[in-house]
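Hello,

Here is the structure we talked about handing over. Please open it first and keep it beside you while you read the notes below.

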Amino acid sequence: MAYLSEFVGSLIFLLGGYSYMCNVSLKKTLVGKLNYIELVVAWSLAVGFGLAIAVVMGGPAYLNPGVVLGNLIYNGLSIKDAAIYLLMEFLAAGAAVLLCMVFFHDSFKASPEESKRGIFSAYPVEKNMPLNFVQEFLATFMFLFLVFMGITNVANPLVIGAVGFASVAILSLTLNSTGFSMNAMRSVFSSVWFAILPIPNKNKEKVDWSYQLIVNLVGSSLGGIVAVIATTYIKNKLG
């Protein structure tokens, strides 16, 4: 059940965010135009509900490869469990992309000129790889630090969901100048599925693999690992 909870929580998180991105990126939808406050609320709700449902189902609610790796390195998570959790996250990313392709099939077909890759992965406003790497690392660390410290000694799914919502919202509204993803599952895993699946009107649109691998994989994963280590150390010191 713990493994299944990782899949379900990740799927809810990703599907909620990707669905909003489809609505504002494609033609023939009921939203049609990006509103930043709506975007923040959509992703915050998606993260919050994903965390809450994963906890309700009895899982650790990692929902982030960096968190899985951090617990593997510092908290005694076994290699087997880490591999299965990462697999669940990867499959959830694929399911989320596939479901968006089904639900928004007509909208994809009606949008031959619109970019599709940004629906499923984060890219910067201005590409500057060294700076973007630092931003991704810091944003991921700060987000997860807020989440882990905010749910210390709390097992209530509603509280955990609310902390996830608030953490995404505060960072998005105050610091997001580059489109960081803070999660390799959200961008890198989904980019693999974007490249594989026959999304209508993809038009040979290419994934920027150098950005995805260096910034969104390595940068966010390092941020997650450091956040796990730092918060575990602080909690142990506080008793």
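**The largest pocket**

The lining of the largest pocket is made of 49 residues, and those nearest its centre are Val47, Phe143, Val168, Ser181 and Met182. Please bear in mind that this is a predicted model. The volume of the largest pocket is about 1100 Å³.

Which helices supply at least two residues each of that lining? They are α1 (2-25), α2 (36-56), α3 (65-74), α7 (129-150), α8 (157-174) and α10 (209-238). The largest share comes from α2, with seven residues.

**Aromatic pairs**

How many aromatic pairs does a search of the whole structure find? The search gives 10. One of them joins phenylalanine 13 and tryptophan 43, which sit edge-to-face with 6.1 Å centre to centre and 80° between the planes. This pair links distant parts of the chain, since phenylalanine 13 is in helix α1 and tryptophan 43 in helix α2, 30 residues apart. Are these two residues buried or exposed? Phenylalanine 13 has a relative accessible area of 7%, which is under 20%, so phenylalanine 13 counts as buried. Tryptophan 43 is buried by the same cut-off, because its relative accessible area is 9%.

Another edge-to-face pair is formed by tyrosine 62 and tyrosine 85, with 5.1 Å centre to centre and 90° between the planes. Tyrosine 62 lies in the loop between α2 and α3 and tyrosine 85 lies in helix α4 (residues 79-103), so this pair ties together parts that are 23 residues apart in sequence. Both tyrosine 62 and tyrosine 85 are buried.

Ring pairs also build a cluster from Phe13, Tyr18, Trp43, Phe120 and Phe194.

**Charges over rings**

**Salt bridges**

How many salt bridges does a search of the whole structure find? There are two. In one, the side chains of glutamate 114 and lysine 27 meet at 3.9 Å, N to O. The two residues belong to distant parts of the chain, 87 residues apart: glutamate 114 is in the loop between α5 (105-109) and α6 (117-120), and lysine 27 is in the loop between α1 and α2. Glutamate 114 is partly exposed, at 23% relative accessibility. Lysine 27 is partly exposed too, with a relative accessible area of 43%.

In the other salt bridge, the side chains of lysine 127 and aspartate 208 meet at 2.7 Å, N to O. Why does this pair tie together parts that are 81 residues apart in sequence? It does so because lysine 127 lies in the loop between α6 and α7, while aspartate 208 lies in the loop between α9 and α10. Lysine 127 has a relative accessible area of 49% and is partly exposed, whereas aspartate 208 is buried, with a relative accessible area of 17%.

**Some loop residues**

Two residues have a positive phi without being glycine. For leucine 63, phi is near 55°. Leucine 63 lies in the loop between α2 and α3, and is buried, with a relative accessible area of 4%. For asparagine 201, the positive phi is about 60°. Asparagine 201 is found in the loop between α9 (184-196) and α10, and is partly exposed, with a relative accessible area of 23%.

Another asparagine, asparagine 183, has its place in the loop between α8 and α9. Asparagine 183 is buried, with a relative accessible area of 4%. How far apart in space are asparagine 183 and serine 220? They are 5.8 Å apart, C-alpha to C-alpha, while 37 residues separate them in sequence.

Regards

Note on methods. Residues numbered from 1 in each chain as written. Predicted model: local features only at pLDDT ≥ 70, side-chain atom pairs only at ≥ 80, totals over all residues. Heavy atoms only, no water. 1 Å grid on protein atoms, 1.4 Å probe; cavity = no way out; pocket = protein on both sides within 12 Å on 5 of 7 lines; lining within 4 Å. Points joined across faces, edges and corners; volume = space filled by probe spheres on them. Helix = DSSP H or I, 4+ residues; strand = E, 2+ residues; numbered from the N terminus. Phe/Tyr/Trp six-rings, centres within 6.5 Å; stacked < 30°, edge-to-face > 60°. Buried < 20%, exposed > 50% of the residue type's maximum accessible area, 1.4 Å probe, protein only. Salt bridge = Lys/Arg side-chain N within 4 Å of Asp/Glu carboxyl O.
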